[in-house]
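Hello,

Here is the structure I promised to pass on. Please have a look at it first, and then read my notes below.

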Amino acid sequence: MRAIVEAMLKAGTGQVAVLACTAFSMKILAVIGGPAGVGLFSLVRQVQQTLSMIALVGGQNAIVQGVASTSGARRANFIATSWILVAIASTIVCIVMLFLATPIAELLLPNLLQGAALLRWTAVAAALGAFLVVARSLLNAHMAIGTVANVNVVTAFAALLLTYPAAMAYREGWDVALIG
């Protein structure tokens, strides 16, 4: 019982820190980038998350369950196969976005000069996001709840630290800086 309460406190505390970092990041972006910056960031973030889910091949829960329910060589094989599948799917997502960025940018971002470049870099962020989700899934499967919370806080804090320079670059006309 005590272990469950401790895990919930760690996860909850971590989530509060993530929410605070996210709120501060959005406030910084809103003040510096204005409504257009927040809107573009939200669109880019949604595209990144969608591409990450495609690159994960829907495997976040499957990874947690597969690792938790296997052991020994079978578990090691499952983990290796998961990484390989996500690497292949991420590569495919990046290649597809490389070739389809222009038509998608014309559809989603018709008034943005750097729209295609923005989407190409979004694919890279999506691949990195997919690998982060796999790593967190493996930590979850091994019941490393405190480590998962720490990873979440560190990534949110890193995003907070990058928000100001990214927002300043966006304000100077570098839309691609929002990928940071």
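T163 is buried, because its relative accessible area is 11% and the cut-off for buried is under 20%. Please keep in mind that this is a predicted model. T163 sits in helix α5, and its side chain reaches back to the backbone oxygen of A159, at 2.7 Å. Leaving aside residues up to four places away in sequence, T163 touches S25, I28 and L29.

On to the nonpolar residues. The largest nonpolar core is made of 30 residues, and L40, L51 and L119 have the most contacts inside it. At least two residues of this core come from each of α1 (2-55), α2 (60-68), α3 (72-108), α4 and α5 (145-171). Helix α4 gives the largest share, with 10 residues.

How far apart are the end C-alpha atoms of helix α4, and what span should its residues give? This helix covers residues 115-141, which makes 27 residues, and at 1.5 Å a residue they should span 39 Å. The end C-alpha atoms lie 38 Å apart, so the two values agree. After α4 comes M143, which has a positive phi, near 55 degrees.

Happy to hear what you make of it.

Best wishes

Key. Residues are numbered from 1 along each chain as its sequence is written. This is a predicted model: local features need pLDDT of at least 70, side-chain atom pairs count only at pLDDT 80 or more; totals for chains, interfaces and linings use all residues. Side-chain values use heavy atoms; hydrogens and water are left out. Helices (H or I, at least four residues) and strands (E, at least two) are DSSP runs, numbered from the N terminus. The expected span of a helix is 1.5 Å times one less than its number of residues. A nonpolar core is a set of buried Ala, Val, Leu, Ile, Met, Phe, Trp, Tyr and Cys residues joined through side-chain atoms within 4.5 Å. Buried means under 20% relative accessible area, exposed over 50%, partly exposed in between (1.4 Å probe, protein chains only). A polar contact is a pair of N or O atoms within 3.5 Å; within protein, one must be able to donate a hydrogen and the other to accept it, and residues adjacent in sequence count only if both atoms are side-chain atoms. Contact means heavy atoms within 4.5 Å.
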